[in-house]
Amino acid sequence: MYEVIISSINCSSSSLPLAKIVKFTHHGLQNPKQEIRGKVVAKCTTGSLKRVRTYITSVARSVLFRLSLLQDYAFNKDKMPKDPIKVCITGAAGQIAYSLLYSVAKGDVFGNDQPLILTLLDIQPMLGALGGVCMELQDCAFPLLKEAIPTADGKEAFTNIDVAILVGAFPRKQGMERKDLLQANAKIFESQGKSLDQYAKKSVKILVVGNPANTNCCILKHFAPSIPANNFSCLTRLDQNRACAQIAMRLKTSAQNVRNVTIWGNHSSTQYPDVRHASVTLDGVNYKPVRELINDDNWLHGEFITVRNFVL
């Protein structure tokens, strides 16, 4: 319901009386009470009280009509088609990206009503395989996927993107530690950081997956100074999951009952899983500190720490 109160007409000029809206209240679901003040000017003969009253009525009806349109828009705007967002995935011909692409394209990541355009970046020798990935995406006929663009060019991949998921990185070869990858990955993420800085939207959200993720993300951020630091993040989820699973197995419970485990450092032999703030519930209600429940510092500082090296 709308309530419009209009003050009396001021006829200061010969033919332009001024109707002043002194109060406007909107009683609706979106905003239960809102007030605005403004002026409306229209031609009206100063000597005709009847025409002045008619004018006031027409102003009120016009305001109500326009507000009803705004209300319809407010109620239905969430149902209106959204503009597609542009998402870049690097290392797109690799196995990790292959598993990720279909969840992204069918709406699991950005919502089942969010159209998107995928730019898929990989190195030149992988473009043949990347073309096959694009054909599979086309075969799935995802309603939300407007276009999938395979490319080996950073400018094409990063131009005006809203999200970057950086899966591609130099792979670890036999006998290599994560620290051995730093030099090779530094060149990759320096180049991608410069491309993001030059071509991507400044609001772009960036997720680094390629290992060593923390260091790669730091390098990327350094070479993309125009993008806010808060827009960069990276994943070491595997290591956190592994730590939670070790604690759960030790206490003969489910990993979902373990919380607040912290992982410090890269996915490598120097990483440190921290349980100082971790807790576990064994009855589904009460959480107790991990150290209190395990009560074995030798295990917490020994096997629990070294299990990170089993599968890097």
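Helices (H or I, at least four residues) and strands (E, at least two) are DSSP runs, numbered from the N terminus.

I noted that this is a predicted model, in which local features need pLDDT of at least 70 and side-chain atom pairs count only at pLDDT 80 or more, while totals for chains, interfaces and linings use all residues. Residues are numbered from 1 along each chain as its sequence is written, and side-chain values use heavy atoms, without hydrogens and water.

I then listed the buried residues of α3: Leu-130, Val-133, Cys-134 and Leu-137. Why do they lie on the same side of α3? They cover an arc of only 100° around the axis, taken from the directions from the helix axis to the C-beta atoms. On the face turned away from the buried side I found the exposed Gly-128, Met-135, Gln-138 and Asp-139. Just after α3, Ala-141 has a positive phi of about 50°.

I next traced the open sheet, whose six strands run in the order β6-β5-β4-β7-β8-β9 with parallel pairing; two strands pair if DSSP finds at least two bridges between them. Its edge strands, β6 and β9 (232-234), each pair on one side only. Within the sheet, β4 (residues 85-90) and β5 pair in the parallel sense over six bridges, and Lys-86 stands opposite Ile-117 in β5.

Note on methods: Buried means under 20% relative accessible area, exposed over 50%, partly exposed in between (1.4 Å probe, protein chains only).
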